[in-house]
Amino acid sequence: MKYKLLNFARQLALVLLVIWTVVSLVTLLIELVPGTPATTILGETATAEQIANFNQKHGLDRPAFFFSIDSEKGFVWNGADNRYLEYWSNLLRGDLGTSFRTDRPVLDMILERYPATIKLALAAMLFAVGIAIPLGVLAGTNKNRIIDNLASFVALLGISLPTFVIGPFLVYIFAVKLGWFSPTGSLYPEDIVLPAVTLGAALSAILTRMVRSSVIEELGEDYVRTARAKGLSERKVVYKHVLKNGLIPVVTVLGLQLGVLLAGAIITEKIFSWQGLGLLLLEDGIAKRDYRLVQGCVLVISVTYIIANTLTDFVYKRLDPRIRLT
Amino acid sequence: MNRLTYIGIAIAAVIILIAVFAPVLATHDVNAQNLAIRFAEPSSEHWFGTDGLGRDIYSRILYGARISLQVGITVVSVSGVIGILIGSIAGFYGGWVDKFLSGYVFNVFLAFPGLLLAIALVAFLGAGLGKLILALCIIGWVGYARVMRGQVLKVREYDFVQAAKALGAGNMRILFSHIMPNAIQPLIVQASLGMAGAVLSEASLSFLGLGIPPPAPSWGTMIEEARQYFSITPHVLAFPGIAIALTVLAFNFIGDGLREYLDPKQRTR
């Protein structure tokens with residue numbers, strides 16, 4: 001028990017340390033902007049007064065960090081009145097700052113769009129699992145036969161074809177030619193199908209390969225021989241015994257891929273004009289150089305990714321007692 | 001090695017040759033515009049047709065191979081060297097050095113979804129070939145470092161390393177002359193898959209408008225430009241799409257085949 005608690009505390013500390021570093025990196029990224037955010041937003045023709053007002057409004061008139069290194073003064077200690085500390089204290093109160101462009105709270109803008117991205121990521125995951133399990137089982141139980149080679153080839157194709165190639169082709173076939181779905185937008189419930197298939201294609205390919213090798217590995221285990229000897233049908237052996245054990249690594253990949261899907265959704269959202277966080281980051285953040293918004297979006301996606309990974313790790317250990325023991 | 005690996009090697013060889021001999025193989029100037037023939041269908045004059053500005057798609061794809069391979073090779077080399085060095089140090093020295101590097105630094109870099117970190121870096125640094133390569137190297141090195149650390153941890157326990165120690169060899173000599181050459185093999189697989197990843201990331205960032213700016217014939221940029229007219233002229237998007245898919249597929253085939261070849265456990269399956 002003591003060992004378990006200690007291990008849990010150690011893991012929690014590591015996660016908090018990683019989150020702290022990620023937040024710090026994102027906070028300091030704004031310092032990389034060539035020129036200053038004020039001149040980027042207001043333009044080269046902005047007056048000194050306008051720039052001063054902008055900087056004051058967004059807290060950019062204060063030093064970036066606890067210390068700075070000046071070419072003339074050398075090392076300068078700035079004290080606690082700095083932007084890094086202010087960002088942190090606001091963040092802990094749930095405030096991600098205000099948009100440089102719209103003056104709206106960044107958190108509100110993100111919360112408006114995030115549900116659409118999560119919905120898309122979950123739909124993509126559902127599609128991927130729905131394809132991967134039957135295809136992977138089919139390939140694994142028919143090792144080295146035509147059906148296996150075909151499934152492996154389709155899976156590799158799915159990994160190699162970028163979303164920005166799959167997406168437009170799906171639009172061309174199912175929206176333009178067949179007219180089954182709208183080419184863009186999310187007006188009707190069925191509009192999620194094409195974006196979800198586009199986003200989930202690569203994941204379904206990865207999962208198919210995983211299920212295949214898991215099934216092949218498990219089929220060689222002693223308990224499978226016992227199940228067969230008991231007279232169970234091959235179908236029951238595969239779906240009741242083999243798949244149950246073979247799915248453990250798949251759960252891990254699924255959890256790890258949630259973050260990848262959230263980040264990958266940026267491209268899919270652009271293709272389908274899906275009003276999610278990715279489009280917000282691209283169109284309102286990066287294209288309009290609203291750096292505060294970019295910071296907020298990157299932060300939210302990264303922290304979601306870290307939390308998803310940590311939870312996956314936890315679930316994985318619950319599912320597989322061997323990992324708990326080591 | 002399986003058949004798909006040889007197919008991968010053959011495709012990769014063709015793409016490399018295309019990139020090297022692009023000026024000889026190209027039939028038109030890559031940036032020459034002719035609005036009178038915009039969106040022309042494939043013909044004997046323009047083998048893959050023309051794009052929205054009347055530029056020859058075939059010639060642009062040939063030159064696009066140069067950009068993709070340049071990015072891929074540079075990113076794999078730079079991030080590979082950095083990853084190998086950091087991974088070796090973590091694995092060889094162990095203790096707090098390893099705890100700090102593999103327990104903290106690796107986790108921080110793995111905490112970002114790769115593409116998102118690249119997007120964030122390019123968004124703040126600005127677009128351009130150099131910045132794109134820098135962003136991809138920053139996200140790429142940790143994969144090599146992790147593999148290398150694991151390998152070094154294994155190899156450093158081998159008898160010949162103990163023998164070298166007993167003979168009085170210094171740490172640097174043991175690491176560079178004895179451990180590294182014996183630990184580097186799985187990195188070849190990582191490099192091949194990394195090449196596919198770098199080509200895909202470059203195309204993705206260019207597609208998002210964060211990579212190599214037009215009029216450079218990056219395959220990702222070509223797809224982004226073709227996307228708006230895709231429903232009327234699918235061939236404009238299809239050819240760069242096929243080029244990216246083939247390149248990524250080739251390096252994935254090679255990586256997969258090499259992994260299978262180097263891992264006897266997988267070979268028997």
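Reader: Let's start with secondary structure: how many helices and strands does chain B have?

Author: Helices (H or I, at least four residues) and strands (E, at least two) are DSSP runs, numbered from the N terminus. Chain B has 12 helices and zero strands. Chain A has 14 helices and two strands. Before we go on, a word on the ground rules: this is a predicted model, where local features need pLDDT of at least 70 and side-chain atom pairs count only at pLDDT 80 or more, while totals for chains, interfaces and linings use all residues. Residues are numbered from 1 along each chain as its sequence is written, and chains are lettered from A and ligands numbered from 1 in the order in which they are written.

Reader: Is chain A spread out or compact?

Author: Compare its radius of gyration, taken over C-alpha atoms, with the globule rule, 2.2 Å times the number of residues to the power 0.38. For chain A the radius is 25 Å, well over the 20 Å that the rule gives for 326 residues, so chain A is more spread out than a compact globule. Its C-alpha atoms fill a box of roughly 85 × 65 × 35 Å along the principal axes. For chain B, the C-alpha trace spans about 75 × 45 × 35 Å.

Reader: And what share of each chain counts as buried?

Author: A residue is buried if 20 or more other C-beta atoms lie within 10 Å of its own, exposed if 12 or fewer, and partly exposed in between, with C-beta atoms placed from the backbone. That gives 37% of the 326 residues of chain A and 49% of the 269 residues of chain B.

Reader: Which residues have the most contacts inside the largest nonpolar core?

Author: A nonpolar core is a set of buried Ala, Val, Leu, Ile, Met, Phe, Trp, Tyr and Cys residues joined through C-beta atoms within 7 Å. The largest one here has 157 residues, and Ala124(A), Leu261(A), Cys297(A), Ala118(B) and Ile119(B) have the most contacts inside it. Helix α5(A) (residues 106-141) gives the largest share, 16 residues. Contact means C-beta atoms, placed from the backbone, within 7 Å. Leaving out residues up to four places away in sequence, Ile119(B) touches Ile266(A), Leu208(B) and Leu210(B).

Reader: How many residues of chain A are in contact with chain B?

Author: 37 residues of chain A meet 33 of chain B. Helix α11(A) supplies the largest share of chain A's side, eight residues. The side of chain A that touches chain B has 31 nonpolar, five polar and one charged residues.

Reader: Where is the kink in α8(A) centred?

Author: A bend at a residue is the angle between axes fitted to the seven residues ending there and the seven starting there. In α8(A) (residues 193-219) there is a kink of about 45°, centred on Gly200(A). Also, 21 of the 27 residues of α8(A) are buried, so this helix is largely enclosed by the rest of the structure.

Reader: What about Asp51(B), buried or exposed?

Author: Asp51(B) counts as buried, because there are 26 C-beta neighbours inside 10 Å. Asp51(B) lies in the loop between α2 (22-25) and α3 of chain B.

Definitions and conventions: Two residues are in contact if their C-beta atoms, placed from the backbone, lie within 7 Å. Ala, Val, Leu, Ile, Met, Phe, Trp, Tyr, Cys and Pro count as nonpolar, Asp, Glu, Lys and Arg as charged, and the others, Gly among them, as polar.
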